Amino acid sequence: MEPQSLAFRTRARRAIADPVIATAMQRLETGWQLGRARAAAALPEFDALRDAAVAIKNHALSHLDLYLEAFERRFAERGGVIHWARDAAEARAIALSICREAGAKTVTKSKSMVAEEIGLNPFLEASGLQVVETDLGEYVIQLAGEVPSHLVGPAVHMTRERIAELFAKAHGGPPKQESAALVAEARQVLRRRYLEADVGITGANFLIAETGSIVTVTNEGNAELTQGLPRIHLAITGIEKVVPTVEDAFTLLRLLARSATGQEFAGYTTFLTGPKRPEERDGPQAMHLILLDNGRSSMLGGAMREMLRCIRCGACMNHCPVYLATGGHAYGWVYVGPMGSVLTPQFVGIDKAWTLPNASTFCGRCEEVCPVRIPLPKLMRHWREEAHRRGLAPPTARAGLGLWGFLARRPRLYRLATRAAAALLGALGRRRGRFGRLPLAAGWTGSRDFPAPEGQTFAAQWRARRGGRP
Amino acid sequence: MSDRPRVALFVTCLVDLFRPSVGWAAVELLEAAGCRVEVPEPQVCCGQPAFNSGDRRTTEDLARQTIPTLEPFDYVVAPSGSCAGMLRKHFPELFDEDPAWKRRAEAVAAKSFELVSFLVEVRGMRKPPGRLCVRATYHDSCSGLRELGVKEQPRALLRAIPGLELVEMEAAEVCCGFGGTFCVKYPEISTKMVEDKTRRAEATGAELLLAGDLGCLLNMAGRLARRGSALRVRHVAEVLAGRLDAAPIGYGKEG
């Protein structure tokens, strides 16, 4: 997907004016945001779990090579085949060749952000395959030709009416009114697809080094049907997903659903360890796993290292006032909200996404709720520094900052300038106490009055009244 | 340290320029808490606008300019969680590659405080000097709340004012949309945020909206005044000190 992040402000403006998005975002606030607060409050050891999770991920990342090799060994012992992909193009090519070798026509897919990251669907479709998303939200946005607007709820921005229209168009028949009827309709259509599919593609929430297992987490059970019914299961995920032990995975699982939706545990959590064995009745004949780097190994040694702890729960966006104002599509690429503002510059380049890390008040709520305590504001600030170094901000903003910096470094001059500004604005605004309009301040005064200074600076008053004596 | 500590008032650039009344309220509160207050020079700005704009060089220059000014004092106190957070949390981060300056930054950081939490936690203030009969609501400014844990201290002091009724707004901990330069870089988002915030403040039926950071206060006052709201806005220090001679923020002689 070609990133549209530079147009963030325009896209955000449009989104803010859209009542459908506003309603959807209110649902997030009353649903998942409140749910997380309740789930965290109900678990006395929640913060201790977070500390444990940070330690697990930090340890795994410090010995990533070791755990990846251990995982690969166990995975292969269980009959799985690993494919290492350096970048998106390599991962896509591997996925296609696996589908081609299987003679696949239809591919089912359960939700995978890594697949979005590498643009897998359009690539496979352009190569003649039919790709069917099986997560209900993903299925809906696939029908609509859209991209996910949320990590966990890709179709949070959609209304029931719009989904009913999409279903009526795709499946025939009159639009359904009830949510239950829509779900039943999707289930009926998708069940057939599961059976037709030659390859099932899933993501992976965790990889477990000690057992060679892949862990998938869903609320719909679609990952199980996607990986278990077709002949071939192809999983695709990032190299940072490996954890040492089953117990580690459980620690993270206890945090994942609570942080994401406020559930104690997601509806379906499955540990997949190799393809079907001879004595087993169900399961795929072959299991492949694409392990994607795509810049992750370079993040390990750099300022973005802590971002590799991310378990993709979406809590940061559920609590972000900017995301909750704009929705996910304003961000213009695959990853959205605070985690997206950190990851998008990493994956598409800061020159194509410098707007995103700038679109934060640094209010710190994302860091406050992050289950693995990623310092998201600090990482966004790092990108701002990179953008500043490269001169990516508009010239007016740079000039303003430059002038302010010039004055701030010269305290005497600064004092003269602020005295003059306070006196001038103070005199002009003395009667009303505020301005409806000010030159160069349209960004402020478009929607807010500008409070007038009192007239004298504190420094001047202090000197006059207390100058010289402590 | 004597029981009358020497306190450097870090006025903050916004208070200095817009609302010196807040500076004087801080002086009175600190003196009421038994401190000797000085306003050392040069004081310009903690450098946060540069820091948050990614301009590390200017940030470091301003930190090097500010740190020596504040070193001679027992404490440094700012009527702002945001600027105090810059001194306390971020100054030391700036000098990871400069051990000498890092030590100096850490020493200043360790004795830097946000005003209200300093009064309560360090000076043990229980009853502020202010007197005011009013229904008030308090907005938690982000940096003070999340970087410094300023939450209960202002509420405790406000509740100790006879006649003041403190009512909580919904989502008091959610950002008002100021965010320094954010409010002019992304005015539409900022407006949506300050609109939500001020509507929630109004819904409490309070007459007065308080907070501990002038940036947030200017933003919220500007929005409320634009809408012609009856809700007035002041810095919490003004009420705690009982210093209400200046008109509410955004209002003048003629209202």
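**View 1. An open sheet of 4 strands in chain A has the order 8-5-6-9, with mixed pairing.** Strands are DSSP runs (E, at least two residues) and helices are DSSP runs (H or I, at least four), numbered from the N terminus. Two strands pair if DSSP finds at least two bridges between them. The edge strands of chain A are strand 8 (242-243) and strand 9 (268-272). Each of these pairs on one side only. Strand 6 (residues 213-218) of chain A runs antiparallel to strand 9 of chain A, and 5 bridges join them. A:Val217 has A:Thr269, in strand 9 of chain A, as its bridge partner.

This is a predicted model: local features need pLDDT of at least 70, side-chain atom pairs count only at pLDDT 80 or more, and totals for chains, interfaces and linings use all residues. Residues are numbered from 1 along each chain as its sequence is written, while chains are lettered from A and ligands numbered from 1 in the order in which they are written.

**View 2. Chain B and chain A meet through 60 residues from chain B and 54 residues from chain A.** Residues are in contact if their C-beta atoms, placed from the backbone, lie within 7 Å. The chain B side has 31 nonpolar, 14 polar and 15 charged residues. Here Ala, Val, Leu, Ile, Met, Phe, Trp, Tyr, Cys and Pro count as nonpolar, Asp, Glu, Lys and Arg as charged, and the others, Gly among them, as polar.

**View 3. Helix 11 (residues 187-202) and helix 12 (residues 214-226) of chain B cross at roughly 80°.** Their axes come within 10 Å. Axes are lines fitted to C-alpha atoms, for helices over the stretch in contact, and angles run from 0 to 180 degrees between N-to-C directions. The two helices of chain B are therefore roughly perpendicular (65 to 115 degrees). From helix 11 of chain B come B:Val194, B:Glu195, B:Lys197 and B:Thr198. They meet B:Asn219, B:Met220, B:Arg223 and B:Leu224 in helix 12 of chain B. By class, this contact has 3 nonpolar, 2 polar and 3 charged residues.

**View 4. Chain B is divided into domain 1 (6-121) and domain 2 (126-241).** The bounds come from an automatic or database domain assignment. The domain centres, taken over C-alpha atoms, are separated by 22 Å. In chain B, 30 residues of domain 1 are in contact with 26 residues of domain 2. Helix 2 (20-32) of chain B is one of the elements giving two or more residues to the domain 1 side. Helix 2 of chain B gives the most to that side, with 7 residues. The domain 1 side divides into 14 nonpolar, 10 polar and 6 charged residues.

Notes
Parallel < 35°, antiparallel > 145°, perpendicular 65-115°, else oblique. Contact = placed C-beta atoms within 7 Å.
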